[in-house]
Amino acid sequence: MSQYQNSSNRATHDINHSRFLVDGRGLSKVFGTLTAVSPLDIAIKAGERVALVGPSGSGKSTILYILAGLIPPDSGDLFLDSKSTVGLQPGRELSEFVGLIRQQLDLVPQLPVVQNVLAGRLGQWGLLRSLVSLFSARERDSVLATLSKLGIADKIDEPTSQLSGGEQQRVAIARLMLQAPKIILADEPVSSLDPARADEILRLLTGLADDIGGVMVASLHAPDLIREHFTRVIGLREGVLQFDIPSEELMPSVLEALYDLDQQPIPIS
Amino acid sequence: MTWTNSPFRSLDARRLLSLVLIGAFVWSLSSVDWRGGIVHTGGGDALKDFPLALFPPELSPGFLKLGLIASWQTVVHAVAGITLAIIIGLPLGIIASGSLGKPGRVRMLVAAVMRFILAFMRSIHELIWAVLFVAAFGLSSLAAVLAIAIPYAGILGRIYSELLNDVSEGPLDGLRSAGASPAGVLIYGRMPMVLTDLLSYGFYRFECAIRAAAIMSFVGIRGLGFEIQLSLHDLKFAEVWTLLLFLFGLVLLVDYWSTSVRRSLNS
Amino acid sequence: MITDNSKLVEATRGLRGITFPRVSLYGFLVLSVVSWAYIIFGVDSGLGDLFTGRSWSNAGHFFSQLLGLEGGLTGGGRPAFFDLGRWGETGKLAYKTLMMSVLAIGLAGFGVLVTFLPAARNVSNGELGGSPSLALGVLYHVLRLFFAFTRAVPELIWAMVIVFFLSPGILPGAIALGLHNYGIVGKLSAEVVENMDPGPARALRSAGAGNIQMLAYGIIPQAMPHFLTYLLYRWEVVIRTTVVVGFVSAGGLGQEFRLNLSFFQYTDVFLIILWYLILVLAVDLLSAFLRRMVLVR
């Protein structure tokens, strides 16, 4: 089905890939007998906000994890900000480029909020500094400033486990703000939220991407949110690219067909 | 209890607690008499010889046979102790659960008294019971078995009473509406519902009973502990290692058995 | 009612038909019959004595002497537990015993703190970051075996061995108690790490944390409350065992208990039991209070 792929994109990035913050070529991943991602090209320019859509098992999360360096691809090349990341372990070097936020948030519940936010600095800090900070927080002012922007400055010393779901989400975003990566990846960031909260979270994430001058890639399902917050939509089914279109062209019929279990052809021109 | 009504905010509390614990540890170090030297005369040599004696341990057929017999004696006392503990602990646990008799003050009082008795039984270590029984009745296997059974009955009784209290009320109401007395509810309702848990917990304690039986050597009961004591006195460290490995194997075996039983009961 | 009955049926399911628990149960019943036969018909069963009356009157004498109701009194004929001076003297020993239990838990806790991370499978195989290596794999198995072995040998037997090397006092007893509890708490703590949600650690990794930073920020804070709770629970058990270990390691109440018993100073024995119960109760209450402070949520 990759005939729907936007071929003009493909032609350009061989000539000058430096324009792309994310430039993946022929990325693939197989888990056992399950093909999570068939060889896939993905190129994203600074300022773009990309939504990944597709039924569960379509490879959205796998792609995000590959971009985040958490899963090594079986094949293909990945350039982030024009640097090859093949063989780079997640951690220090990658964290300058990529930050990932998952639906589960993955905060450490036993730590106070300030430490969970400061974890965004771990890539820049030395070992000694990060150990000292556990006992007496460094850069407390910048944490406080970030949390005030998100409206939860008063929670700075609270145990993270005591915060509500929405507050914890802000803590995770605050961590991302301190890490300040150029590429923000979000795996189902709004799937368990009511529409108003979902709208707000996406606004925060895209605002963050805009401030840094980077890109955001997120997986989600709601077409109205996609049209409002994203510039581009990539549709996936069983690890294969189905379409890659500007978000305003995303019609409900397209999504319906993508999620259809009988795998009808997708009405894209 | 959530942190808001806890006396301390949990994070500060945790940090404070860590400091208190470290402080207590350092303080306890000061109670050790360091001046006399930690290692006593001749202890240094023993400290060197003892680990080396593991390579190899005593493996002569005669000694292995002795190890097997000692293991058997330990198992016998553990099994007898735990069965007696179940026999004593079950009725006491039923009384402590307060599920027998007419609801009311008397029943609550009896249950409270029984819980206190159970707490007393398990407060005193099995070896202290053993020392007391041997002083009272003289040295005998029965004294050792009883010494194991009493604290273990105290533990089992408490757990059993909690299990009996925690059953869901639905089926019990069914029995009550069919006219069953409290005893009927107990026999036809509570007991069958917790039977697997009762057995499961009994099996869990079996492993601990093995260790308890092994230390009954201290009052003179034959078994692995007794042989370890003898070999230590003769400074035959290789034999000590063999016996320690027998004990290790025995505990692993019983542990494996009881975990498998519990796993298949609970699955 | 139908669903209610099915719950009843459900509960006894494992015990019908030829199942492993059923076979085990019968096996255990046979084992217990054989064991009881062995004990009752054994040479030193003491069963015969139970019916002679002589042993019962011995026991009667013993317990009334324990309570100071007849003979065997020392120091002015007053039971020791009515003598404030004796309370003070034994109180010092009780304090020593308490210190021994704290030292034991401290030693066990320190040992566990140093070793529980490499003893968790998901740390040693690199699942939580780091790279797996042969050395880590070997270390994992060595530590797990060491936990199992120290756990399998009871405190008193450790104490018997250790008094061969160390001067008598509270230290050998504390080390013996510490070793046994090291094995128990070590295994439990390693299992906490193994059952831990890997999400936070992975998130820290993608935020740029190195191995040690990940342990410090992600794994240790999550494991710590469980670790402290286990230590406090074990402290309650340890205080009950300190007296027994004192029998051989000559520290605190245990040694005094033994001496008094062999000199037939039974009211002193009873006084020591009273102190012992006070210690047990105090430690239970203190531990319950401290555990509430660390509440594992």
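Modeller: Let me start with what "buried" is going to mean here: a residue counts as buried if 20 or more other C-beta atoms lie within 10 Å of its own. Keep in mind, too, that this is a predicted model.

With that cut-off in hand, take A209(C). A209(C) has 28 C-beta neighbours inside 10 Å, so A209(C) counts as buried. As for where A209(C) is, look in the loop between α10 (199-206) and α11 (211-249) of chain C. If you then go along the chain to V243(C), you have moved 34 residues in sequence. In space, A209(C) and V243(C) are 47 Å apart, C-alpha to C-alpha.

Now step back to chain C as a whole. What is chain C built from? The count is 13 helices and zero strands. Read from the N terminus on, the elements go α-α-α-α-α-α-α-α-α-α-α-α-α. Chain C has 297 residues, and 46% of them count as buried. Then there are the contacts inside chain C: among those between residues at least 6 apart in sequence, 71% join residues at least 24 apart.

On the α8(C) side you'll find E155(C), W158(C), A159(C) and I162(C). They meet P172(C), G173(C), I175(C), A176(C), L177(C), L179(C) and H180(C) in α9(C). Sorted by class, the contact of α8(C) with α9(C) comes to eight nonpolar residues, two polar and one charged.

On to the partners. Which residues of chain A does α11(C) touch through helix α5 of chain A? The contact involves L127(A), S130(A), L131(A) and L134(A) of α5(A), together with I212(C), Q213(C) and A216(C) of α11(C). In this contact there are five nonpolar residues, two polar and no charged. The axes of α5 (residues 127-135) of chain A and α11(C) come within 10 Å and cross at roughly 5 degrees, and α5(A) and α11(C) are therefore roughly parallel to each other.

Chain A has its own makeup: 10 helices and 10 strands. Of the 269 residues of chain A, 46% count as buried. Residues 24 or more positions apart make up 68% of the contacts in chain A with a separation of 6 or more. The domain assignment of chain A gives domain 1 (1-97 + 182-202 + 219-269) and domain 2 (108-180). Where these two domains touch, domain 1 of chain A puts in six residues and domain 2 of chain A puts in five. On the domain 1 side, α3 (92-95) and α8 (195-212) of chain A each supply at least two residues. That side of domain 1 of chain A has two nonpolar, one polar and three charged residues.

Next, chain B. How many residues go into the contact of chain C with chain B? Chain C brings 67 residues and chain B brings 69. On the side of chain C that touches chain B, helix α2 (residues 20-40) of chain C gives the most, with 10 residues. By class, that side of chain C has 44 nonpolar, 16 polar and seven charged residues.

Helix α4 (residues 105-123) and helix α6 (residues 141-165) of chain B pack at an angle of about 135 degrees, with axes 7 Å apart. Therefore α4(B) and α6(B) are oblique to each other, and α4(B) passes α6(B) in a left-handed crossing. From α4(B), the contact uses L118(B), A119(B), M121(B) and R122(B). From α6(B) come I150(B), P151(B), A153(B), G154(B), I155(B), G157(B) and R158(B). The contact of α4(B) with α6(B) has seven nonpolar, two polar and two charged residues.

Methods:
Residues are numbered from 1 along each chain as its sequence is written. Chains are lettered from A and ligands numbered from 1 in the order in which they are written. This is a predicted model: local features need pLDDT of at least 70, side-chain atom pairs count only at pLDDT 80 or more; totals for chains, interfaces and linings use all residues. Two residues are in contact if their C-beta atoms, placed from the backbone, lie within 7 Å. Helices (H or I, at least four residues) and strands (E, at least two) are DSSP runs, numbered from the N terminus. Ala, Val, Leu, Ile, Met, Phe, Trp, Tyr, Cys and Pro count as nonpolar, Asp, Glu, Lys and Arg as charged, and the others, Gly among them, as polar. Domain bounds come from an automatic or database domain assignment. A residue is buried if 20 or more other C-beta atoms lie within 10 Å of its own, exposed if 12 or fewer, and partly exposed in between; C-beta atoms are placed from the backbone. Axes are lines fitted to C-alpha atoms, for helices over the stretch in contact, and angles run from 0 to 180 degrees between N-to-C directions. Angles under 35 degrees count as roughly parallel, over 145 as roughly antiparallel, 65 to 115 as roughly perpendicular and the rest as oblique. A crossing is left-handed if the near helix is turned anticlockwise from the far one by less than a right angle, and right-handed if clockwise.
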